[in-house]
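Try each one on the model before you read its solution.

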Amino acid sequence: ILGLGAGTCARIIHRHHARDVRMIGWELDPSIVTLARRRFGVDALERSGALRCEVGDAFQGCVDWAEDFDGLIVDCFDENSTVVECLKYSETWRTLLAKLKPGGRLIANVSTGRGKGARLEDAVMCAQSLANASDVNEVSLWRSGACGIWNEVILSGPPVDWVSVATRQRRFASFTNDWTHVSRPEGVDPNGWLFK
């Protein structure tokens, strides 16, 4: 988990996959890690062995980690809760995708802020860059405002069978309807294709 924050993603994953998943979470701000341990149960996840917290740059920490991962969650924001600049570039995504085991997926929250300051085109640029960085030139997007949550989410790889997911995970069925899968057409300039 790149951008552990208060550990929300880690707690949700542990709640639904307690025996199956071991996580590493990177958080840049040590005071956030202290707060997460004291007030949000991250200390219990660490004691159980489900989560290892690392303080520092998430991108560099992930790249330097000795092992590859089954999946990556990117949940990093700047001080304005908007897209981290490096996520607009295919090279960042290419580096992260290289840390996945075969069949692994990357999911990223590319929030563009709220209200008049929101820059939806930044999320589109992140999605386009992720698709361009992948071997399959494909990505799925979860639209802003779905279920009243004002974040944009992108998922690497080929289309997901969301009907099957909704059947297996009924609690999450309402979240499976708002995904759009896109792929870059062959022969199209990699810059700006998703905006069209």
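Each exercise below is followed by a worked solution.

This is a predicted model, in which local features need pLDDT of at least 70, side-chain atom pairs count only at pLDDT 80 or more, and totals for chains, interfaces and linings use all residues. Residues are numbered from 1 along each chain as its sequence is written, and side-chain values use heavy atoms, with hydrogens and water left out.

**Exercise 1. Find the aromatic pairs and classify the geometry of Trp 26 with Phe 69.**

Step 1. Rings of Phe, Tyr and Trp (its six-membered ring) pair if their centres lie within 6.5 Å; planes under 30 degrees apart are stacked, over 60 edge-to-face, and the rest tilted. A search of the whole structure gives 3 aromatic pairs.

Step 2. For Trp 26 and Phe 69, the centres are 6.1 Å apart and the planes make 85°, an edge-to-face pair.

Step 3. Now place the partners: Trp 26 sits in strand E1 (residues 23–27) and Phe 69 in strand E3 (residues 69–74), 43 residues apart. Helices (H or I, at least four residues) and strands (E, at least two) are DSSP runs, numbered from the N terminus.

Step 4. Both Trp 26 and Phe 69 are buried, where buried means under 20% relative accessible area, exposed over 50%, and partly exposed in between (1.4 Å probe, protein chains only). Together with Trp 65, they form one aromatic cluster.

**Exercise 2. Explain why the pair of Trp 162 and Trp 179 counts as stacked.**

Step 1. The ring centres of Trp 162 and Trp 179 are 5.0 Å apart and their planes lie at 15°, so this pair is stacked.

Step 2. Trp 162 belongs to helix H7 (residues 162–168) and Trp 179 to strand E7 (residues 179–183), 17 residues apart.

Step 3. Trp 179 counts as buried because its relative accessibility is 17%.

**Exercise 3. Describe how helices H5 and H6 pack.**

Step 1. The axes of H5 (residues 90–97) and H6 (residues 120–133) are 8 Å apart, at an angle of about 50°. Axes are lines fitted to C-alpha atoms, for helices over the stretch in contact, and angles run from 0 to 180 degrees between N-to-C directions.

Step 2. H5 is therefore oblique to H6; under 35 degrees is roughly parallel, over 145 roughly antiparallel, 65 to 115 roughly perpendicular, and the rest oblique.

**Exercise 4. Is Gly 61 buried or exposed?**

Step 1. Gly 61 lies in helix H4 (residues 58–64).

Step 2. Gly 61 has a relative accessible area of 16%, so this residue is buried.
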